[in-house]
Amino acid sequence: MPGELLAPDPSPVERVAVRRRFLMCSPVHFAVEYAINAWMTPGVAVDTALAVRQWEGLRDTYRALGHEVLELEPVPGLPDMVFAANGAFVVDGHAVGARFAHPERAGEAPAHAAWLQAAGFGEVKPTADVHEGEGDLTVVGDLVLAGTGFRTQRGAHAEIQERTGRPVVSLDLVDPRFYHLDTALFPLDDTTVAWYPGAFSPGSQAVLRRLFPDGLEATEADALVLGLNSVSDGRHVVLPAAATALAAALDQRGFVVVPVELGELLKGGGGPKCCTSELRG
Ligand code: ARG
């Protein structure tokens, strides 16, 4: 609409950022050597130096926004370790250790557990069932949203509810392109989320619309560039640069969009959120 940009917003929403503490792991050993999700082609050429530069861009973006970023030592032979979100689930200062679905990534869990224990998160025990940390778990206010269908098993949801004392809402993922919850949904603040409905079963879509009537529903095009694999601090949303419609919708809602480029890591099926483990409380 002509003149739209000049018209003052009649009721600007002042979004408030909350400082976060993140754990990240450099992709110095990143490669695509096996395929455990629909995005991975084994042997595809990976420019590791570019992956590292893109990852450093993400890390430095968080720091410039005022967030604390701690680093986990990368382990040779664990090419997916850059996707630090999967190593544990930390809430209220308590860490629940991951149990990876695929043996290729199993070695990452003890590395996270050792780091978290040394950092004072107590004894970090894995769940009995498969659970891939923040890949499939996120926190919105008091609630934990938990994905299942491809990786994290439903039994782990119950265990996490028991261990954290927070209500866990199980959500069924149905599209293999969106194999982790964090490829299809991210919290915008303590009250609402952005999400791609097509990734969820009809019942889970209904649950999400009931819990978050003002949730931002993203397009398939934005989901396919991993636009839902984003990180919001309540004001700034760090998201893949290619998710342009989502960026416009966020801007309309008063969020400050901070685009990042992580194209090399997309070859492993991950985006900004996958690289970011949040240490809560
Ligand atoms: N290649 C990794 C895997 O398939 C990507 C993990 C992405 N992490 C995430 N939190 N979605 O396990």
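Trainee: Which residues of helix α2 are buried?

Mentor: This is a predicted model, and in it helix α2 covers residues 108–118. Its buried residues are E108, A109, H112, A113, W115 and L116.

Trainee: How should I read a list spaced like that?

Mentor: An α-helix has 3.6 residues a turn, so residues three or four places apart point the same way. In α2, the buried residues E108, A109, H112, A113, W115 and L116 cover an arc of only 165° around the axis, which puts them on the same side of the helix.

Trainee: What do the buried residues of α2 pack against?

Mentor: They pack against three strands: β2, β3 (88–91) and β4 (94–97). Just after α2 comes G120, with a positive phi of about 95°.

Trainee: Where do the buried residues of α1 lie around its axis?

Mentor: Start with the list: A51, Q54, W55, L58 and Y62 are the buried residues of α1. Seen down the axis, they fall within an arc of 100°, so they line one face of the helix. On the other side of α1, the exposed residues are A49, G57, D60, R63 and A64.

Trainee: What covers the buried residues of α1?

Mentor: The cover includes β1, β2, β13 and α7 (263–266).

Trainee: What span should α1 have, given its number of residues?

Mentor: Helix α1 has 17 residues, and at 1.5 Å a residue it should span 24 Å. Its end C-alpha atoms are 24 Å apart, which agrees. Just after α1, G66 takes a positive phi of about 100°.

Trainee: Why is E56 classed as partly exposed?

Mentor: E56 lies in helix α1, residues 48–64. The class comes from counting neighbours: 20 or more other C-beta atoms within 10 Å make a residue buried, and 12 or fewer make it exposed. E56 has 13, so it is partly exposed. As for a distance from E56, P202 is 146 residues away in sequence and 38 Å away in space, C-alpha to C-alpha.

Trainee: Which residues of α6 are buried, and which are exposed?

Mentor: Helix α6 (residues 244–252) buries L246, A247 and L250. These cover an arc of only 100° around the axis, which puts them on the same side of α6. A245, A248, D251 and Q252 are exposed on the other side. The buried residues pack against β9 (193–195), α5 (220–223), β12 (236–240) and β13 (256–260). After α6 comes G254, whose phi is positive, near 90°.

Trainee: Now the strands. How do I read the sheet that contains β1?

Mentor: Read the order across the sheet, then the sense of each pairing. This open sheet of three strands has the order β2-β1-β14, with mixed pairing. Its edge strands, β2 (68–72) and β14 (277–278), each pair on one side only. Strand β1 (residues 21–25) pairs with β14 in the antiparallel sense, over two bridges. Within β14, E278 stands opposite F22.

Trainee: In which order do β8, β9 and β10 stand in their sheet?

Mentor: The order is β8-β9-β10, in an open sheet with mixed pairing. The edge strands are β8 (185–187) and β10 (216–217), and each pairs on one side only. β9 and β10 run parallel and are joined by two bridges. A194 has L216 in β10 as its bridge partner.

Trainee: How many residues of β6 are buried?

Mentor: In a regular strand the side chains alternate between the two faces of the sheet. As for burial, strand β6 (residues 143–148) is mostly covered, with five of its six residues buried.

Trainee: Which strands pair with β6?

Mentor: Strand β5 (residues 137–140) runs antiparallel to β6, joined by four bridges, and T138 stands opposite L145. The hairpin of β5 and β6 has two residues between the strands, and G141 there takes a positive phi near 60°. β6 also pairs with β7 (residues 168–172), in the parallel sense over five bridges. There G147 stands opposite L171.

Trainee: Which residues come nearest to the ligand?

Mentor: Of the 16 residues around the ligand, F83, G135, H180, G270 and C274 come nearest. By type, the shell divides into five nonpolar, eight polar and three charged residues.

Key:
Residues are numbered from 1 along each chain as its sequence is written. This is a predicted model: local features need pLDDT of at least 70, side-chain atom pairs count only at pLDDT 80 or more; totals for chains, interfaces and linings use all residues. Two strands pair if DSSP finds at least two bridges between them. The arc is that of the directions from the helix axis to the C-beta atoms. Two residues are in contact if their C-beta atoms, placed from the backbone, lie within 7 Å. A residue is near a molecule or strand if its C-beta atom, placed from the backbone, lies within 6 Å of it. Ala, Val, Leu, Ile, Met, Phe, Trp, Tyr, Cys and Pro count as nonpolar, Asp, Glu, Lys and Arg as charged, and the others, Gly among them, as polar. The expected span of a helix is 1.5 Å times one less than its number of residues.
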